[in-house]
Amino acid sequence: VEFGQVRVADTQGSVGRPMFMADNFTVWLSVGALLSGAIEAKDIELRKPTVTLVLDEKGGGNWASLSPESFRGRFVPARVAFDSVRIADGTLSIVGPDGTAKTKFENIDGELSAQALEGPYRLVATFLRSGARREFRLSTARAADDGAVHFKGTVRDPASGVSYSLEG
């Protein structure tokens with residue numbers, strides 16, 4: 001299944017930009033899983049995806065409306081898994097409530113995988129930040145009942161070999 005010029009609106013509409021855009025979105029689905037009522041994407045490829053995260057005054061943001069509770073009463077497949085989501089030339093922008101830029105990561109190339117929509121997630125990517133290439137690794141556990149998510153992340157500068165790790 002292939003989609004072009006994909007746009008997902010920001011439900012808060014506070015900055016006038018979509019939350020997600022991509023030039024091209026290609027999905028290879030498992031037919032066997034579909035026949036059993038599950039969606040299993042063997043491969044997903046996103047070309048030039050742009051994600052705009054808008055922070056609010058409470059520490060949340062425009063992604064809060066994407067919780068599983070917001071889909072209750074609608075068709076939700078029994079199981080959703082992502083074996084491989086390949087990202088080519090992506091951008092992640094983080095902006096304040098008034099639309100002012102906080103930080104931006106560009107030329108993101110990498111691969112994301114998830115055993116289920118709720119996680120755990122694994123991301124391996126490279127990106128440009130202030131003109132320098134960086135390597136990024138992130139892994140999470142499934143969210144706990146209270147919503148807390150254990151994660152481990154590493155950012156590495158391949159030119160110097162210096163790396164920073166964070167676990168929480």
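Two strands pair if DSSP finds at least two bridges between them. Helices (H or I, at least four residues) and strands (E, at least two) are DSSP runs, numbered from the N terminus. The legends below describe a predicted model, in which local features need pLDDT of at least 70 and side-chain atom pairs count only at pLDDT 80 or more, while totals for chains, interfaces and linings use all residues. Residues are numbered from 1 along each chain as its sequence is written, and side-chain values use heavy atoms, with hydrogens and water left out.

**Figure 1. The chain and its order of elements.** The chain holds 1 helix and 10 strands. Along the sequence, the pattern reads β-β-α-β-β-β-β-β-β-β-β. Of the 168 residues, 29% count as buried. Buried means under 20% relative accessible area, exposed means over 50%, and partly exposed lies in between (1.4 Å probe, protein chains only).

**Figure 2. Strand S2 and its partners.** Strand S2 (residues 20-29) runs antiparallel to S1 and is joined to it by 6 bridges; Val 6 stands opposite Ala 22 in S2. Another 6 bridges join S2 to strand S3 (residues 39-47), again antiparallel, and here Asn 24 stands opposite Arg 47 in S3. Strand S4 (residues 50-54) is joined to S2 by 2 bridges, also antiparallel, with Met 21 opposite Thr 50 in S4.

**Figure 3. Salt bridges around Arg 86.** A salt bridge is a side-chain nitrogen of Lys or Arg within 4 Å of a carboxyl oxygen of Asp or Glu. The whole structure has 7 salt bridges. Arg 86 and Asp 43 meet in one of them (3.1 Å, N to O). This pair links distant parts of the chain, with Arg 86 in strand S5 (residues 80-95) and Asp 43 in strand S3, 43 residues apart. Glu 45 and Arg 86 also form a salt bridge (3.2 Å, N to O); Glu 45 is in strand S3, and the two residues are 41 residues apart. Glu 45 counts as buried because its relative accessibility is 17%. Arg 86 is partly exposed, at 30%, as is Asp 43, at 26%. Asp 43, Glu 45, Arg 47 and Arg 86 are linked in a network of salt bridges.

**Figure 4. The salt bridge of Arg 134 and Asp 157.** The closest N and O atoms of Arg 134 and Asp 157 are 3.5 Å apart. Arg 134 is in strand S8 (residues 132-140), whereas Asp 157 is in the loop between strand S9 (151-156) and strand S10 (163-167), 23 residues apart. Arg 134 is partly exposed, with 22% relative accessibility, and Asp 157 is buried, with 18%.

Figure 5. Rings of Phe, Tyr and Trp (its six-membered ring) pair if their centres lie within 6.5 Å; planes under 30 degrees apart count as stacked, over 60 as edge-to-face and the rest as tilted. The structure holds 3 aromatic pairs. The ring centres of Phe 127 and Phe 136 are 6.5 Å apart and the planes stand at 75 degrees, so this pair is edge-to-face. Phe 127 is buried, with a relative accessible area of 10%, whereas Phe 136 is partly exposed, with 23%. Phe 105, Phe 127 and Phe 136 form one aromatic cluster.
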